[in-house]
Amino acid sequence: RRLTLDGHNRGRIVNRGTISSTTGNVGLFASSTRSTGVIIAGRNVAVVAGDRARVNGTISAAHRVETSGRHLGFSGLSVQARNWLIDPKNLKVGSSAAHTISSNLGSTNVTLKTTNSGCAGPGTCSTGGGDITIAAPITWSTTNRLTLDAYRSIRVDDAIHAQGKASLIIVSGHGGDLMFGGGSVTFDNLAAHLKINGDSYALVNSVAALASDIGSDPSANYALASNYNAAPDGTYANAPINTTFEGIFEGLGHAISKLSVNDSTYTTVPVGLFQTLGSTGALRDIKLINASVISDSNNVGALVGRNDGAITGSSISGEVTGMNNVGAGYYGGLAGYSDGPISGCRSSAAVSANDNGYVGGLVGYMSSANATITDSRATGTVTVTGVPDYPVVAGGLVGRAGETSGIEQWLAPWRFKRRL
């Protein structure tokens, strides 16, 4: 019931024909393995190489297929099984590997898994910390599951597109994270399944749907399934998400374009796409393009008026305008007031306000030791207008940082204007 070919640490196994165990398992274990033929098993197949594995033929198993090795090539491999485990150290999925993965997702679940000691899977494997990089598009239309399980980080540089009611599981660990370097994860079917580091996410495809869902459950997790054009929404009279959000919103590398908010009534209620991000909340990997947020509130930012949670990997373009004429206000391209960590964010938004408050290209005011900015930048113009006698504190990155707050690895070319 078990057919094992073992070349040990220095041996080599080459299969150019057919290896079959119709009622059991098939295992190929060696320093180097190459299979251009057919492997058939009634249960499981394992192709494991201590150094180099090239598998370009067909593998058929009733249950699971596992491929592992320090250096791997899988161009043209066809896998027929319930699950395919790809187990590398560092894995970069290029065009050939992405095509192989996409094709096999038509008939089986596929798992890309990195470790800190080995390397396997479609793509280019190399030494490193156990990262997975998606460098070419992966697309499938079935209900099968793609799992990205990284020892450390997952970086999405190209498109992952689930066209059907599919499942995507993302796992990062050991100090790593999910990052987007120009790619995105798109779901055509909102009934598809997304799980990130053990947490399930509800999929939404509009600002209105996000606002409605958060209004019903402000502590749940949500993800933006695709890019969204907010121009047909018209102009919102206050923050579209007008409650304190305590869950996680994952933008999946997508953009909300042409968001418009104009709240001309003086208020202490924060204004932005999100009104307030609570201490347990997080906003991640979302882009606001050509946003326009104008408000008489004293906490104004394009993404969030007041941040008490964590913001990661997000960017802003457009304009933020504060019109507060009573009391000090906080105005920033990303957030007006921040008492939480911000990392990997950028803003090119033009920020303007009257002379009574704190104005910054990224954040208006950072309050305490909880408020930090890391690896972020602001390149928009900061403009202050109004009566000269009113106090104003302005900065290219931050209007004012509290004594115990912290900023590291930042960029803010200083373009400050004062108009009387």
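Q: How much space lies in the largest pocket?
A: Rolling a probe the size of a water molecule over the atoms shows where empty space is left. A pocket is an open set of points, on a 1 Å grid over the protein atoms alone, with protein on both sides within 12 Å along at least five of seven lines. Grid points are joined across faces, edges and corners, and the volume is the space filled by probe spheres set on them. Here the largest pocket holds about 430 Å³. This is a predicted model, in which local features need pLDDT of at least 70, side-chain atom pairs count only at pLDDT 80 or more, and totals for chains, interfaces and linings use all residues. Residues are numbered from 1 along each chain as its sequence is written, and side-chain values use heavy atoms, with hydrogens and water left out.

Q: Which residues lie nearest the centre of the largest pocket?
A: Lining residues have an atom within 4 Å of a point. There are 18 of them, and Met179, Phe180, Asp285, Gly313 and Gly344 lie nearest the centre. Strand S20 (residues 178-180) gives the most to this lining, with three residues; a strand is a DSSP run of E, at least two residues, numbered from the N terminus.

Q: How many salt bridges does the count come to?
A: Side chains of opposite charge can pair when their charged atoms come close. A salt bridge is a side-chain nitrogen of Lys or Arg within 4 Å of a carboxyl oxygen of Asp or Glu. The count comes to seven. Asp285 forms one with Arg284, at 3.6 Å between the closest N and O atoms, and a network of salt bridges links Asp177, Glu250, Arg284 and Asp285.

Q: Are Asp285 and Arg284 buried or exposed?
A: Buried means under 20% relative accessible area, exposed over 50%, and partly exposed in between (1.4 Å probe, protein chains only). Both Asp285 and Arg284 are buried. The salt bridge of Arg64 and Glu66 (3.2 Å, N to O) has partners of two classes: Arg64 is partly exposed because its relative accessibility is 40%, while Glu66 is buried because its value is 18%.

Q: What order do the strands have in the open sheet of four strands?
A: Two strands pair if DSSP finds at least two bridges between them. The order is S2-S4-S6-S9, with parallel pairing. Strands S2 (18-21) and S9 (78-80) are the edges, each pairing on one side only. Three bridges join S6 (residues 58-61) to S9, and Ile59 has Val79 in S9 as its bridge partner.

Methods:
On a 1 Å grid over the protein atoms alone, a cavity is a set of points where a 1.4 Å probe fits but cannot get out, and a pocket is an open set with protein on both sides within 12 Å along at least five of seven lines; lining residues have an atom within 4 Å of a point.
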